[in-house]
Amino acid sequence: MDHFDYVDGAMQVEQVPMAAIADAVGTPVYVYSTATLTRHVGVFRDALGSLDNPLIAFAVKANPNAAVLATLAKLGLGADVVSGGELLRAIAAGIPADRIVFSGVGKTAEEMRLALDHGIFQFNLESEPEAEMLSEVALSMGKRAPVAYRINPDVDAGTHAKISTGKSENKFGIPYDRALESYAAARDLPGLDVQGVAVHIGSQLTDLAPLEAAFTKVGALVAALREAGHDIRTADLGGGLGVPYDPALPVPPSPAAYGEMVCRVTQGWPVRLMFEPGRVIVGNAGALLSRVVRVKQGAQAPFVIVDAAMNDLLRPSLYDAWHDIRAVTPVGQRAAANVVGPVCETGDTFAMGRDMDVVAAGDLVAFMTAGAYGATMAGTYNSRPLTPEVLVSGDKWAVVRARPPIEALIAGDSIPDWLAD
Ligand SMILES: *Cc1c(COP(=O)(O)O)cnc(C)c1O
C-alpha cells in the first residue's frame, strides 16, 4: 500500500499535489512519502512481532538519501551497508553503529578500519581471505571484529539473473558445503569474534520457498556450528522480499506471510535474528515524476518521450524491470504507447506497447514503485545532472536533494596544464 492517490482527478502524495512539486522543483524528480515509509516499517516489524528483539537493518543501497535514512533511524531501524560511504551516510543520518551490519565481497582494509573505529554490530564476511584481512586490521587496532560468514546456500531465488545472489556460481558468500572448515579457520584468527551466520539469496523474490530453503540451511548450520563449539549468537536472514510492480502479476508474499514462515522455521534457534530489508521498506514509498516532452509517431504505437531517462531510473534497462506509468491528471482514455527517455541509447526505454493513460506534451507522468534502486542508481550519462529528491510528510514537503546546476557537473572535471591556454 502507498500514499499516492487521486484526489479530484489529480495525483497527490499524502496531502501534496504532485503537480505542485513538479512546478516548484522541475522534472524529473523523485518523490517519497513518509507515511508509506512509516507504514512499511510498521508492517515489517509487526510481521516479526513474536521474535525476541530482532535487528532490522535497512539495506542502505536501496535508498541512501539522508532524509529517508533519518526517517528510518527515527523509526528505530539499523542499517545494512556495503561500503565505507554507506556506513558514513548511515551514521550521519543518526543510525547507531551498534545497529549497523557491513556486507559485501570487496571490503577494503580502509573500510574495515573505519567500521571498527565506529564499533559496528557485525561484519558479514564473504571469503576466507577477507576473514584473514579483517583479523589483521582488527589486531593492528587492538580490537576484535564481530563477524558472521555469509553462506552461499546454492538455492535458486527464482528472480532475475542479475539480482540472484544465492547460487553456487554467484560471487557471494562462502560455499555451504565448506562452511564448517571456514568457521574452524576463522576461530583461529585472533582478531575475530565469530558470532553469527548470514544469508541473502537475492532481491525481488516473489516466492517464499527459496527463502525457506535457505533459512532451513542456516538453521542446520547454526546447530552444527554450536555443536562444534562455536558461540553462534546471531543469524542474519538478509533481505529480498519482493514488492508489487505490475498489477497484472500475482502479488508477492506479504510481510505477514514472510514473518509467519520465518517464525515457524526459526523456532527454537538460540540466536538473535537479523534482517536486511531494502525494497520492501522503500519501493512503494517513492515515485519518479516526469514531464512529457513530446509525443512522436511510431511504427506500432506512439513514442511518449519523457524528460526522465535511464540515467535517472536504470532498472528497466538494467533488469527489464516493469514500472507502472500513470498520468498525474488522467484524461480518462487509455491506449498503447512506448515510453522512452531522451538519452541516446535504445536501452533508454521504460515501456513498449504499454496500455496506459493517454498523455500529451506537457503532461506529468509518475513512474510508480521507484523508491528502491531508483535515485540511488542515478548517474549523469548524457551530461544530465543527478535527479533531485523530495520528501513529503502530510501537507509538508521538502527538497532533500537539490538538482545540481549543470555548471557543477562541468566544474567537476579539470583541464591539465598542457591543455590550458
Ligand atoms: C541488496 C541487499 C539487501 C536488500 O535486498 P532487498 O531486495 O532490497 O530487500 C540485503 N542484504 C544484502 C547483503 C544486500 O546486498
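Glutamine 12 sits opposite proline 17, a residue of strand 3. This is a predicted model, so take the pairing as part of a prediction.

Step back and you'll find an open sheet of 3 strands, ordered 1-2-3 and paired antiparallel. Strand 1 (4-7) and strand 3 (16-17) are the edge strands: each has a single partner strand, so one side of each is left without a neighbour in the sheet.

Now for helix 5, which spans residues 109-118. Which of its residues are buried? Glu111, Met112, Ala115 and Leu116 are. They cover an arc of only 135° around the axis, which puts them on the same side of helix 5. On the face turned away from that buried side, you'll see the exposed residues Glu110 and Asp117.

What covers the buried residues of helix 5? The cover includes helix 4 (84-92) and helix 6 (128-140), along with strand 7 (100-102), strand 8 (122-125) and strand 9 (145-152).

Last, the cysteines. How many disulfides turn up in a search of the whole structure? The count is 0.

| Cysteine | Relative accessibility | Counts as |
|---|---|---|
| Cysteine 263 | 18% | buried |
| Cysteine 344 | 68% | exposed |

Buried means under 20% and exposed means over 50%, so cysteine 263 at 18% counts as buried, while cysteine 344 at 68% counts as exposed.

Key
Residues numbered from 1 in each chain as written. Predicted model: local features only at pLDDT ≥ 70, side-chain atom pairs only at ≥ 80, totals over all residues. Heavy atoms only, no water. Pairing = 2+ DSSP bridges. Helix = DSSP H or I, 4+ residues; strand = E, 2+ residues; numbered from the N terminus. Disulfide = S-S within 2.5 Å. Buried < 20%, exposed > 50% of the residue type's maximum accessible area, 1.4 Å probe, protein only. Arc of directions from axis to C-beta. Contact = heavy atoms within 4.5 Å.
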